[in-house]
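Q: Can you walk me through this structure? I'd like to start with the overall picture and then look at a few places in it.

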Amino acid sequence: MRKLGERILSAALAFILIICMEITASATAPEGELTEEQKLQQELDAAYAMTVQSNSIPGWPQGPGTYGDAAIVMEVETGAILYSKNIKDHHFPASITKVLTALVAMENGQFVDPVVFSHDSLAFIQPGDAYIGMKEGNQITLEQGLYATLLASANEVAYAVAENVGKNAGYDYNWFIERMNVRCRELGGENSNFANPHGLHDPNHYTCAKDMALIGREIFRHPEFFNIVQTLQYTIPASETTEEHIFQQKHKMLYPANAEYYEWAVGGKTGYTSEALSTLITMADNGNMQLVCVVLRTHGRNVYPDTRNLLDYAFSNFTRIPAAEVETSKDVEQILSTPDNTDPAVGKGYVIVPNGMEFKNLAMEIVPDSENAGEGTIEYRYSSTLLGTARAVLSQSYIDSRQKDTKGREPDQKPDEKKKDKDDQLLSFLSDKTDLEKYVIFGGAVLLLILTAVLITIIRSRKKR
């Protein structure tokens with residue numbers, strides 16, 4: 001009986017040992033392979049170790065690393081790039097695409113315009129895609145469509161917005177997509193190709209951090225955008241064609257009760273696909289500076305911490321100053337004020353300066369107006385980084401010195417024009433010669449060519465010997 005008990009106990013212990021070994025084996029990757037956690041940590045370490053290009057500028061405030069492959073912070077009024085990490089590299093944007101969709105829609109449509117849902121606007125939706133459940137034949141306004149596009153990130157609504165804005169403008173969906181690409185290029189974007197209005201994965205749909213920042217900078221000219229994205233919950237009421245739809249803002253930095261809340265965040269858009277990973281564009285305003293922060297291909301759950309660190313870095317290390325208060329160059333008579341609706345590319349007379357850096361350390365370049373010699377644009381740079389522009393009345397001494405430098409200079413000629421001048425000079429030279437003189441000149445030229453050919457032949461024959 002005692003032996004039987006011992007046998008049962010031994011069998012039980014052996015069974016427990018086998019189970020423990022199986023559990024351990026299942027929790028441990030085969031030798032030579034990494035666990036999912038180890039792979040993620042490797043991705044995080046590699047992304048964080050990537051070079052931050054702005055940190056290599058001599059005397060520039062050192063910015064934090066990020067767990068994303070690309071990131072940028074741009075100051076809105078000047079367009080100055082305060083932080084740059086791989087800002088021109090191509091990446092998939094995911095749903096932050098919808099910021100450009102909203103910009104093109106607001107520029108080419110009216111909030112009261114109808115948005116009718118077609119079969120095409122719904123047919124591409126796959127399980128797991130963000131949508132609010134619109135049905136074919138539903139009709140809402142463009143304003144309601146933009147709320148659904150920007151807050152709920154509804155992909156079928158983004159498509160319908162693009163399709164209907166195109167039709168209402170007298171064109172179609174493809175025209176809207178082309179306008180997205182044209183608009184991006186007009187803003188200075190050079191590394192993007194948008195293939196759809198929603199950001200669902202397409203290998204031909206890509207952008208870069210800089211291009212998205214330029215789009216975010218332009219959106220500051222549309223206060224209606226911020227009215228939308230600062231709304232935490234929105235309702236599309238039921239109508240004759242549409243059921244009621246209620247949805248919330250997804251950007252956590254805009255929620256006061258959320259742990260990710262950022263007090264100076266005023267807008268933005270989230271994005272995620274398995275190919276793009278996490279993407280985020282955030283607009284911030286602390287009363288002194290307005291910033292756009294873009295992070296792309298962020299690994300793990302770091303999209304909000306990275307954005308917070310970048311915005312804190314920019315707000316803490318840079319100061320915006322009016323050029324009129326510090327410009328003392330004898331070449332400048334007066335810094336001109338510019339209206340609020342001035343194109344951002346022109347600038348409003350402000351310069352961004354790293355804290356502790358003196359204004360005199362910035363390089364100033366005057367670009368005189370081609371039509372009005374008395375005015376021009378001043379560009380301020382530090383180590384080739386543009387930190388601001390200003391419109392100015394140029395001093396008389398500068399104008400006089402410029403006129404003196406250019407006096408007596410002949411305008412640059414194109415190659416064809418130079419050739420034509422030489423031909424004209426030759427014809428003028430021959431025009432006053434007699435026929436005999438012309439024959440002598442041409443005969444001499446032919447004889448010179450013959451003698452040159454003979455001389456070359458003799459030299460070559462001697463080399464062969």
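A: What follows goes from the whole chain to some helices, a loop and the cysteines. Keep in mind that this is a predicted model.

Q: How many helices and strands does the protein chain have?
A: The protein chain has 14 helices and 15 strands.

Q: And what share of the residues is buried?
A: Of the 465 residues in the protein chain, 43% count as buried.

Q: What about contacts, how much comes from residues 24 or more positions apart?
A: Taking the contacts with a separation of 6 or more, 62% are between residues 24 or more positions apart.

Q: Let's do helices. How many residues of α5 are buried?
A: Eight of nine, so helix α5, residues 142-150, is mostly covered. The buried ones include Leu142, Leu146, Tyr147 and Leu150. Gln144, Gly145, Ala148 and Thr149 are buried too.

Q: How do α3 and α5 cross?
A: Their axes come within 10 Å, and the crossing angle is roughly 170°. Angles over 145 degrees count as roughly antiparallel, which is why α3 is described as roughly antiparallel to α5. The crossing of α3 past α5 is left-handed.

Q: Which residues make that contact?
A: From α3 there are Lys98, Ala102, Ala105 and Met106. From α5 there are Leu142, Leu146, Thr149 and Leu150. By class, the contact of α3 with α5 has six nonpolar residues, one polar and one charged.

Q: Is α8 mostly covered or mostly exposed?
A: Mostly covered: 10 of the 11 residues in α8 (209-219) are buried. Among them are Asp211, Arg217 and Glu218, along with Met212, Leu214 and Ile215.

Q: What do the buried residues of α8 pack against?
A: They pack against three helices, namely α3, α7 (173-186) and α9 (223-229). The buried residues of α8 also pack against the strands β1 (68-75), β8 (277-285) and β9 (290-298).

Q: Switching topic. Where is Asp89?
A: Asp89 is in the loop between β2 (81-85) and α3 (97-108).

Q: What does Asp89 touch, apart from its neighbours in sequence?
A: Leaving out residues within four places in sequence, Asp89 is in contact with Thr207 and Cys208. Lys210 is 121 residues from Asp89 in sequence, and their C-alpha atoms are 8.9 Å apart.

Q: Where is His91, then?
A: His91 is also placed in the loop between β2 and α3.

Q: Is His91 buried or exposed?
A: His91 counts as buried because its relative accessibility is 13%, and the cut-off for buried is under 20%.

Q: Which residues is His91 in contact with?
A: Again leaving aside neighbours within four places in sequence, His91 is in contact with Asp69, Ala70, Tyr206, Thr207, Leu296 and Arg297. Thr207 also turned up among the contacts of Asp89.

Q: You mentioned a cysteine. How many disulfides are there?
A: A search of the whole structure finds zero. Cys208 is in no disulfide, and the nearest cysteine sulfur, that of Cys184, is 7.4 Å away. A disulfide needs the two sulfur atoms within 2.5 Å.

Q: Remind me what a disulfide is?
A: A covalent bond between the sulfur atoms of two cysteines.

Q: Is Cys208 buried or exposed?
A: Cys208 counts as buried, because its relative accessibility is 0%. Cys293 counts as buried as well, with a relative accessibility of 0%.

Key
Residues are numbered from 1 along each chain as its sequence is written. This is a predicted model: local features need pLDDT of at least 70, side-chain atom pairs count only at pLDDT 80 or more; totals for chains, interfaces and linings use all residues. Side-chain values use heavy atoms; hydrogens and water are left out. Buried means under 20% relative accessible area, exposed over 50%, partly exposed in between (1.4 Å probe, protein chains only). Helices (H or I, at least four residues) and strands (E, at least two) are DSSP runs, numbered from the N terminus. Contact means heavy atoms within 4.5 Å. Axes are lines fitted to C-alpha atoms, for helices over the stretch in contact, and angles run from 0 to 180 degrees between N-to-C directions. Angles under 35 degrees count as roughly parallel, over 145 as roughly antiparallel, 65 to 115 as roughly perpendicular and the rest as oblique. A crossing is left-handed if the near helix is turned anticlockwise from the far one by less than a right angle, and right-handed if clockwise. Ala, Val, Leu, Ile, Met, Phe, Trp, Tyr, Cys and Pro count as nonpolar, Asp, Glu, Lys and Arg as charged, and the others, Gly among them, as polar.
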